[in-house]
Amino acid sequence: MIGALIVVDMQNDYLWDKRKTMFNYNTDELVAAVNSSIKKYSAEGYDIIYLSQVFQNIITNRKLIGFSIANTPGAELYSGLDLVSDLCFDKHLPDSFTSLAFKKYAKSRNFENIVICGLDLCGCVGATAKGALKTGAKVFIIDNSTGCRFSKEKELKNRRKLQGYGVKFI
């Protein structure tokens with residue numbers, strides 16, 4: 001069986017101490033859980049793939065968005081994250097499958113199982129799960145290795161929607 005663990009948006013701007021207050025993740029807890037998932041799925045022979053949200057480094061993005069700006073330290077993968085492969089791709093939209101380089105790689109591997117973790121359940125993790133379903137693979141989100149900065153109500157609503165599409169939570 002060919003499987004992939006997709007680690008989404010585990011970047012400095014969301015996790016380090018200089019992050020914006022809206023990114024209220026428990027960095028130590030989340031990074032430890034993600035690293036544990038990386039170790040587990042790597043040992044099972046899964047491809048470990050890292051996706052990063054990157055916005056073009058132009059004045060409007062620097063002023064209006066202010067995070068994950070291309071070629072800045074904040075857009076880099078978080079230093080505490082275990083990097084066990086060189087399968088790193090940038091994306092410009094929430095769904096990782098909109099990254100042409102990543103989509104081409106995933107298509108070449110024809111994954112049967114796609115497991116997703118990282119940031120954020122109500123953002124890029126959820127969007128990537130929906131994109132993954134279009135590949136025909138079985139899609140899973142790892143609960144304890146996925147952060148959510150939104151209200152419990154919004155988190156639950158999104159979880160139910162994803163489950164309705166066929167995503168399994170593990």
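Modeller: Before the charges are read, one convention: Lys and Arg count as positive and Asp and Glu as negative, while His and the chain ends are not counted. The model here is predicted.

Biologist: How far apart are the mean positions of the positive and negative charges of the protein?

Modeller: The protein has 23 positive and 17 negative charges, and their mean positions lie 8 Å apart.

Biologist: What secondary structure does the protein have, and in which pattern along the sequence?

Modeller: There are six helices and six strands. Along the sequence they run β-α-α-β-α-β-α-β-α-β-α-β. The radius of gyration is 15 Å, close to the 15 Å that the globule rule gives for 170 residues, so the protein is as compact as a globular protein of that length. Along the principal axes, a box of roughly 45 × 35 × 25 Å holds the C-alpha atoms.

Biologist: What share of the contacts with a separation of 6 or more is between residues 24 or more positions apart?

Modeller: That share is 77% in this protein.

Biologist: Take one residue. Is Thr 128 buried or exposed?

Modeller: Buried means under 20% relative accessible area. Thr 128 has 0% relative accessibility, so Thr 128 counts as buried. Its place is in helix 5, residues 124-133.

Biologist: Which residues does Thr 128 touch, leaving out those up to four places away in sequence?

Modeller: Thr 128 touches Ile 6, Val 8, Pro 94, Asp 95, Ser 96, Phe 97 and Ile 116.

Technical notes. Residues are numbered from 1 along each chain as its sequence is written. This is a predicted model: local features need pLDDT of at least 70, side-chain atom pairs count only at pLDDT 80 or more; totals for chains, interfaces and linings use all residues. Side-chain values use heavy atoms; hydrogens and water are left out. Helices (H or I, at least four residues) and strands (E, at least two) are DSSP runs, numbered from the N terminus. Buried means under 20% relative accessible area, exposed over 50%, partly exposed in between (1.4 Å probe, protein chains only). Contact means heavy atoms within 4.5 Å. The radius of gyration is taken over C-alpha atoms; the globule rule is 2.2 Å times the number of residues to the power 0.38. The place of a charge is taken as NZ of Lys, CZ of Arg, CG of Asp or CD of Glu.
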